Amino acid sequence: MFTLAEVASLNDIQPTYRILKPWWDVFMDYLAVVMLMVAIFAGTMQLTKDQVVCLPVLQSTVNSKAQPGTSGKADFTTVETTTGQVEEASMRTVSFGSAPTVTPDIPLSRATSSQYQPTESGQELKKEQKDSSGRKTNLDFQQYVFVNQMCYHLALPWYSKYFPYLVLIHTIILIVSSNFWFKYPKTCSKIEHFVSILGKCFESPWTTKALSETACEDSEENKQRLTGAQSLPKYVSTSSDEGSPSASTPMITKSGFKFSADKPMIEVPSVTILDKKDGEQAKALFEKVRKFRAHVEDSDLIYKLYVGQTVIKTVKFIFILCYTANFVNTISFEHICNPKVEHLIGYTQFECTHNMAYMLKKLLISYISLICVYGFICLYTLFWLFRIPLKEYSFEKVREESSFSDIPDVKNDFAFLLHMVDQYDQLYSKRFGVFLSEVSENKLREISLNHEWTFEKLRQHVSRNAQDKQELHLFMLSGVPDAVFDLTDLDVLKLELIPEAKIPAKISQMTNLQELHLCHCPAKVEQTAFSFLRDHLRCLHVKFTDVAEIPAWVYLLKNLRELYLIGNLNSENNKMIGLESLRELRHLKILNVKSNLTKIPPNITDVAPHLTKLVIHNDGTKLVVLNSLKKMTNVAELELQNCELERIPHAIFSLSNLQELDLKSNSIRTIEEIISFQHLKRLTCLKLWHNKIVNIPSSITHIKNLESLYLSNNKLESLPAAVFSLQKLRCLDVSYNSIALIPVEIGLLQNLQHFHITGNKVDVLPKQLFKCVKLRTLSLGQNCITSIPDKISQLVQLTHLELKGNCLDRLPATLGQCQLLRKSGLVVEDHLFDALPSEVKEVLNQDTSIPFANGI
């Protein structure tokens, strides 16, 4: 036999799994334990007590009992004799009032033959009765034992013999069915993971903190907050939209709960501010919950398995009830036994008593009662399983009671597990929902971020940019640290790849802030913060993937001077471009758009009267429609780069105030339209570099005020004399063409300061070149020059000389007379420099400050 402890271990599960045991499962477990006790008690009694006790039935008694109505039934009837037959010696009755007397000394043959002898006289019978206390049966002890064993197997019904074992087997099957979903590998792993995460979520200090903050908020205030948020303009976003409390709001300590498998224990959190370790654990929990949800929500195996095992238990209950009810009456105290061993014992029939019958019958009735209760609970479980959709779980109540209105509903096995947990304690799912909310996760990130990025750490990241302004660049953070807004002397703030950036009212402390960069950072601002930015911000850079990422409040910064937009603004999205609101930017002077436009959006013309500089950098998309440029009468600088232009747009000729035109990286082949530039009296800089221009028309002489001409990276083979008639020309760049000769007319450019002809086919330098005594930069690299004239000494203002990549054998010693030239500004092969006289090298190696700038 099994011991109670061994059998009960089948019902033993991990204590933490109890949160997934609803009341009916717990109740059924207790019923199973009681049924086990019934089985073990009945089995123990069968082992410790005699099975059956049998006595022989005399022949006369058998005849007298063979009356109609008995029909061989096993009901025991006391054998009695009639009044007239009491004195007859031929009628022998067996008295059960006292134990029969066994006479082993009487031979079996004698006992057998005595049954057929003539009856003695009445006086002899009376004398015999006075001498003996019972009826002699001529059977010894071993024969009784033999008969008892045979009759136990022949006369006793099978259910009476195996009842304890059947109860034990049925109970074990029910226990296994109840706990199979905890043991099956494909469900056990998910359940174990779920219980582990649930326990950690319940115990996490972040859960207590988040729910405590929620409890601090009054429901009416929440309604007013939501109503107010809806009434604000689209560009306004308050911190309460994300459910985050104000920095000045005191934290109210709320009693939390500590996870326990049996019963939640109430505890009061000591602090409401998370330390770094708790914050990291909470962030890890958010990630675990996210991955677990993705893993569990894609199937409903746990739900199906639980339904299946409940159906099996119900079918088992019906089966046990049906066949057990038929055997209640078979358990009887008396039984008739015909062992058919007359040749051994001399008797053909025995009457037996089953000593355990009474107790077994009571135990059977108790067992049937337990099974009925068990079955009704199974039926209730099935009703619960199919009454509501358990593969869907809604956090609607939690959303209503908390500020985490974004807790998503879940489905499939994830939903079923939460339904099961609710049967244990609904507080578990409420605290678990905190880790399904993105708002909650963002709050946690904000707190952790503020712990990590202190004022001192941020101060260390402040640097000076090229404009000598204090700049802070924050990259790939979870949010904007609060300490940023304590850097009151900051001039430039760059926020890059910060998806949850929020600009609070504290930004009003940064009185020096005039430039803001938002790189893939759709920042949200509070009303007060927006008012500050509207009045103080002068320069804004916005980099985005889709136009919808541009914050709407950008177009309402009325005092903005410079706006840089970098991202996708194709024709499909032009309809939704917020540029239509640019009319509000009445002080905008510079608009820089780096995108893939097919036409200049008409909305840009809304601010055309204000613009002084327009830059459009396409990614190779052909810019077709340019008529709107005519309205930009105040534009002084225009850049149309990488727009696949094949000719100079005619609309440009209407820009009377244009001073600088840059048509870099297009497909321009001819510039005959350049004659129309004579109407642009203020044009001083023309950049036609990185195109396909073959020649320069002589009409370029009409651009009298031209000071800078960039024609590098084209297909020029010569320089016309007309170029050198531009007396105001200070910079000429014809690098990376196919020019073989520098015209002698170059000497006419007395104001030339920068001449670049790198990457051509020049082999000789004309002496007239050195008449340009104002030259500061002379780039002659990657040509075929064999010698440098000594007259280079006339270029006394030369600060940069590039000669690398030519066919030079030596450098002229007169280089030492170029007073401002130093080794750092001399780009030449090392061996040529080493060949210079030592006094020249000493002059070039002098470390003196250069009073002139290298650039224009």
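User: What is the relative accessible area of F27?

Analyst: This is a predicted model, in which local features need pLDDT of at least 70, side-chain atom pairs count only at pLDDT 80 or more, and totals for chains, interfaces and linings use all residues. Residues are numbered from 1 along each chain as its sequence is written, and side-chain values use heavy atoms, with hydrogens and water left out. F27 lies in helix α2; helices (H or I, at least four residues) and strands (E, at least two) are DSSP runs, numbered from the N terminus. Buried means under 20% relative accessible area, exposed over 50%, and partly exposed in between (1.4 Å probe, protein chains only), and F27 counts as partly exposed with a value of 38%.

User: Which element gives the largest share of the nonpolar patch?

Analyst: The patch is made by W23, F27, V373, Y380 and F383 and covers about 480 Å². Patches consist of residues with over 30% relative accessible area and no salt bridge, where like charges are joined within 9 Å and nonpolar side chains (Val, Leu, Ile, Met, Phe, Trp, Tyr) within 5 Å. The largest share, three residues, comes from α14.

User: What percentage of the accessible surface of the chain belongs to carbon and sulfur atoms?

Analyst: Accessible areas come from the Shrake-Rupley method with a 1.4 Å probe; for residues, only the protein chains shown count as cover. Of the 856 residues of the chain, 48% count as buried. The accessible surface comes to about 41,300 Å², and the share of carbon and sulfur atoms is 53%.

User: What percentage of the contacts with a separation of 6 or more joins residues 24 or more positions apart?

Analyst: The chain holds 23 helices and 26 strands. A contact means heavy atoms within 4.5 Å. Among contacts with a separation of 6 or more, the share from residues 24 or more positions apart is 58%.

User: Which residue of β5 stands opposite C337?

Analyst: Strand β4 is joined to β5 (residues 350-354) by four bridges, and the two run antiparallel. Strands of a sheet pair through backbone hydrogen bonds, either parallel or antiparallel. Opposite C337 stands F350.

User: Which residue of β17 is the bridge partner of L591?

Analyst: Strand β15 (residues 562-568) runs parallel to β14 (residues 539-546), with six bridges between them, and five bridges join β15 to β16 (residues 590-595), also in parallel. In β16, five of the six residues are buried. Six bridges then link β16 with the parallel strand β17 (residues 613-618). The partner of L591 there is L614.

User: How far apart are the closest N and O atoms in the salt bridge of K21 with D29?

Analyst: A salt bridge is a side-chain nitrogen of Lys or Arg within 4 Å of a carboxyl oxygen of Asp or Glu. The whole structure has 18 salt bridges. K21 and D29 are both buried, and their closest N and O atoms lie apart by 2.9 Å.

User: Which residue meets K622 in a salt bridge?

Analyst: K622 is partly exposed, with a relative accessible area of 44%. Its partner lies 24 residues away, in the loop between β18 (637-641) and β19 (660-662). The N to O distance of the pair is 3.8 Å, and the residue that meets K622 is E646.

User: Which strand holds K687?

Analyst: The side chains of K687 and E660 meet in a salt bridge at 3.5 Å, N to O, and both residues are buried. E660 belongs to β19, 27 residues apart from K687, which lies in β20.

Methods
Two strands pair if DSSP finds at least two bridges between them.
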